[in-house]
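This report goes through selected local features of one model.

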Amino acid sequence: MIESEIYVREGVDELAAHYRAAIQLLGEDPTREGLQKTPMRMAKAMQVLTRGYSEDAHKVLTDALFAEKYNQMVIVKDIDVFSLCEHHLLPFYGKAHVAYIPNGHITGLSKIARVVDIYSHRLQVQERLTQQIKDCIQQTLKPLGVMVVIEAKHMCMQMRGVEKQNAITTTSDFSGAFNQAKTREEFMNLLRGSSPTS
């Protein structure tokens, strides 16, 4: 079984039928050779791109929870983000940077990236995505503080509308110790070595 098939969920046939109708409404012939399998490909692709609805980000963190007397900043930066803007169902993509200050417990570093992955694989707006990642880590790990920064480019701005190719949207959210400007500044200083969104 190929990896994308793992995420195929109930309703894929009905979804494919809707895509077939949409292709026809756009003025194309869904029965021609190049498009015959496109409705099912689209249905499966959309189920992969929205697989976050069937995954529990809180459980991901608790499955790798370890007691540790470490209370300095932990940063996972340059996490690739690919999501779909809920307004036009066009992609936005970029990098997420996540920091937390443990309060008796840490989680596996890859689990932070998995939390980003789960919430980004839903229909989103960047602002809510940023907040959901922060809230999940804060509620589950109960650290001294969490901060999340996302930098992304939006295809709805690049391909349509204002058609601005180089605009980058930056969002942030924070809690606890990161309410202090000094702590936020330390985090941002550590991020300055990040590679720019390409």
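T140 has a relative accessibility of 16% and therefore counts as buried, a class that means under 20% relative accessible area, with exposed over 50% and partly exposed in between (1.4 Å probe, protein chains only). The model is a predicted one, in which local features need pLDDT of at least 70 and side-chain atom pairs count only at pLDDT 80 or more, while totals for chains, interfaces and linings use all residues. Residues are numbered from 1 along each chain as its sequence is written, and side-chain values use heavy atoms, with hydrogens and water left out.

T140 belongs to helix α5, residues 126–141. Helices (H or I, at least four residues) and strands (E, at least two) are DSSP runs, numbered from the N terminus. Leaving aside residues up to four places away in sequence, T140 touches H58, L61 and T62; contact here means heavy atoms within 4.5 Å. The side chains of T140 and H58 are also joined by a polar contact of 2.6 Å. Such a contact is a pair of N or O atoms within 3.5 Å; within protein, one must be able to donate a hydrogen and the other to accept it, and residues adjacent in sequence count only if both atoms are side-chain atoms.

**The sheet**

Five strands make an open sheet in the order β5-β2-β3-β6-β7, with mixed pairing. Its edge strands, β5 (123–124) and β7 (169–176), each pair on one side only. Two strands pair if DSSP finds at least two bridges between them.

| Strands | Sense | Bridges | Residues opposite each other |
|---|---|---|---|
| β2 and β3 | antiparallel | nine | I75 and A99 |
| β3 and β6 | antiparallel | ten | H97 and V149 |

Strand β3 covers residues 91–101, and nine of its eleven residues are buried. Its partners are β2, residues 74–85, and β6, residues 145–154.

In helix α7 (residues 181–191), the buried residues are T183, F187 and L191. They span an arc of only 80° around the axis, so they are on the same side of α7; the arc is that of the directions from the helix axis to the C-beta atoms. An α-helix has 3.6 residues a turn, so residues three or four places apart point the same way. The cover over the buried residues of α7 includes β2, β3 and β6.

There is one aromatic pair in the structure. F178 and F187 form this edge-to-face pair, with 6.1 Å centre to centre and 70° between the planes. Rings of Phe, Tyr and Trp (its six-membered ring) pair if their centres lie within 6.5 Å; planes under 30 degrees apart count as stacked, over 60 as edge-to-face and the rest as tilted. Both F178 and F187 are buried.

**Two loop residues**

L89 lies in the loop between β2 and β3, a hairpin with five residues between the strands. Its phi is near 55°, a positive value in a residue other than glycine. With 41% relative accessibility, L89 counts as partly exposed.

K142 sits in the loop between α5 and β6. K142 is not a glycine either, yet has a positive phi of about 50°. Its relative accessible area is 54%, so K142 is exposed.
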